[in-house]
Each structure stands twice: as structure tokens, then as C-alpha cells.
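Got your viewer open and ready? Let's take a walk through this one, a stop at a time.

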Amino acid sequence: MSAERSAAPPVPGVTASRVVGIALATVDLVAGYAGSPVLHGVSITVEPGEVVSIVGPNGSGKSTLLKGIVGLVQIFSGSIMIGGRDVTGARAEDIARLGVGYVPQVDDVFAPLTVRENLEMGGYLLRARDVPPRVDHVLEVFPQLRRMLTRRAGKLSGGERKMLAMGRALMLEPALVVLDEPTANLAPAIARSVLVDHVSQLAGTGASVLVVEQRARAVLEISDRTYVLGGGQLRMEGTPSELAASPDFVDSFLGGGQGSARGAAEE
């Protein structure tokens with residue numbers, strides 16, 4: 001499979017068990033809501049197979065950036081390229097068809113439905129005969145879900161719900177997975193498990209991963225590169241080791257006095 005998908009690609013079906021990540025690039029992106037920009041000229045890249053994280057204070061535009069990429073907010077100017085194709089202003093469903101999976105911060109599962117039913121709903125673009133094999137594949141990636149298949153999603157723990165949400169996103173065999181605050185409202189130990197275990201399992205499929213996260217320490221452990229947003233603008237970027245060596249980043253996001261983000265205790 002090529003790292004880039006051709007124009008008007010087919011909906012992903014049952015193919016190889018490992019996908020190839022696709023590239024993402026935003027260029028001078030200005031986006032927001034109801035005629036009011038939140039992002040002001042943000043440019044980021046995700047290379048095939050990379051895990052890239054975005055951190056920043058509340059209100060910095062992190063979630064707006066993700067929603068712009070997946071077609072859920074207004075784009076005023078700039079461009080979005082996915083797999084070499086310009087998707088600026090495209091509908092969310094069309095972006096999903098290109099192989100982009102999105103896991104929102106809230107409303108990420110259907111609480112009244114069982115785990116199996118949630119996974120099946122995630123295959124809404126697939127042919128009916130392709131859904132069961134895709135469920136089987138998701139259970140290979142997240143084997144912990146197998147014992148929960150008949151349980152209603154509303155009865156799951158916070159960490160289990162996030163794992164299910166990621167599994168549902170995998171149903172379409174995405175080449176790029178976009179995660180918005182996967183550890184929101186989770187206890188520190190569970191949050192770290194979601195990032196270090198579950199997101200790593202997701203990345204292990206071969207997909208590119210873009211994740212917005214407040215817990216800078218933990219997300220640096222799984223990231224190839226990290227961007228820092230503030231006031232709707234890009235303030236800093238680098239590898240985990242580069243950012244851990246930056247006094248400004250350490251003071252703002254790691255509590256100060258730490259020379260290395262990796263291996264540091266969770267906040």
C-alpha cells in the first residue's frame with residue numbers, strides 16, 4: 001500500500017492487517033466558529049507513521065485545529081493537505097473516506113449500545129460483509145475489548161470507553177487517526193495507561209496519529225514530535241528531547257526544575 005492514497009480512493013475494506021500512515025499538512029490555517037477565527041495561521045505536519053502531539057493551555061485552539069482538519073469547523077484561509085490531496089473545506093464524511101479516523105473528546109461512544117454494536121456502527125461506510133472481519137481485526141489490536149463485547153458502553157469505565165472509541169475509529173482502517181484529549185477527566189494512572197498503552201496500540205497498526213493532550217509529560221513519551229499552541233498560534237515545536245531541554249517548555253508544562261520529560265512522574 002502506498003503512503004499516499006490516490007484521488008477518489010475506495011472506502012477502506014478488509015485488506016492487510018497493517019495500514020500505511022498518510023501525511024497531513026496544514027499551511028497558515030485560519031479557522032473558527034460563526035465567523036470568528038480561533039486559529040491564526042497555524043502550520044503543522046504529520047509524516048506517515050508518526051505520532052505527533054499538540055499541547056497548550058485551555059483555550060489555545062487545540063481542539064479547533066483538530067476539528068478544522070476533520071471538517072467540523074469553518075476554514076477562513078490557509079490549506080489542509082491529507083495524503084497529498086487538498087481537503088480544505090471538505091465535508092467530514094469525505095475526509096473520513098480518505099482514511100481519517102476521528103475520536104472526539106466527548107460523545108465518543110454510543111452509551112446505550114453494546115461494545116460490539118459500537119464497533120459495528122464504526123463501520124458505517126463498509127459493505128455489510130466486511131464489518132465482521134473488521135471487528136475481528138479491532139479485537140486483535142485491542143484484545144481487552146473481547147471480554148466486554150456484550151456490555152453496554154455506558155457501563156464501561158472511563159479508560160475502557162476511550163479504548164472502545166479508538167477501536168470504533170479503527171473500523172474503517174484509517175491511515176490517519178486524530179485524537180482529541182483522550183485522557184480528559186481520567187485519573188492520572190488511567191490516563192497514562194490510555195496514552196502509553198492504548199494510543200501506542202493504535203500507532204502499532206501503522207497509522208499516523210495526531211493527538212491533542214493536556215498531560216504533557218505522558219504524551220511526550222509516545223510522541224515523535226510535539227507542537228505547542230497558545231492564543232491560536234504556534235508557539236513552539238520540536239522532538240520530546242528538544243522540548244524537554246527548553247526552559248520555557250519545562251516551566252510552562254512540566255512544572256519546572258526537570259531536565260527531561262521522559263521518565264518524569266505524572267502530574
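## Stop 1: two helices crossing

Select α3 and α4: they make a right-handed crossing, meaning that the near helix is turned clockwise from the far one by less than a right angle. The residues in contact (heavy atoms within 4.5 Å) are R116, L119 and E120 of α3 and V131, V135, V138 and L139 of α4. By class, this contact has 5 nonpolar, no polar and 2 charged residues; Ala, Val, Leu, Ile, Met, Phe, Trp, Tyr, Cys and Pro count as nonpolar, Asp, Glu, Lys and Arg as charged, and the others, Gly among them, as polar.

Before moving on, note that this is a predicted model, where local features need pLDDT of at least 70, side-chain atom pairs count only at pLDDT 80 or more, and totals for chains, interfaces and linings use all residues. Residues are numbered from 1 along each chain as its sequence is written, and side-chain values use heavy atoms, with hydrogens and water left out.

## Stop 2

Show the side chains of V115, N118, L119 and G122 on α3, then L164, G167 and R168 on α5, to see the contact. Here the classes split into 3 nonpolar, 3 polar and 1 charged.

## Stop 3: the largest pocket

Which residues lie nearest the centre of the largest pocket? Select A96, G101, Y102, Y124 and R168. A pocket is an open set of points on a 1 Å grid over the protein atoms alone, where a 1.4 Å probe fits, with protein on both sides within 12 Å along at least five of seven lines; lining residues have an atom within 4 Å of a point. This one holds about 440 Å³ of space, the volume being what is filled by probe spheres set on the points, joined across faces, edges and corners. The lining has 16 nonpolar, 2 polar and 4 charged residues.

## Stop 4: a covered helix

Is α1 mostly covered or uncovered? Mostly covered: 6 of its 8 residues are buried, that is, under 20% relative accessible area with a 1.4 Å probe, protein chains only. Among them are L65, L66 and I69. Just after α1, click on G71, which takes a positive phi of about 85°.

Definitions and conventions: Buried < 20%, exposed > 50% of the residue type's maximum accessible area, 1.4 Å probe, protein only. Helix = DSSP H or I, 4+ residues; strand = E, 2+ residues; numbered from the N terminus.
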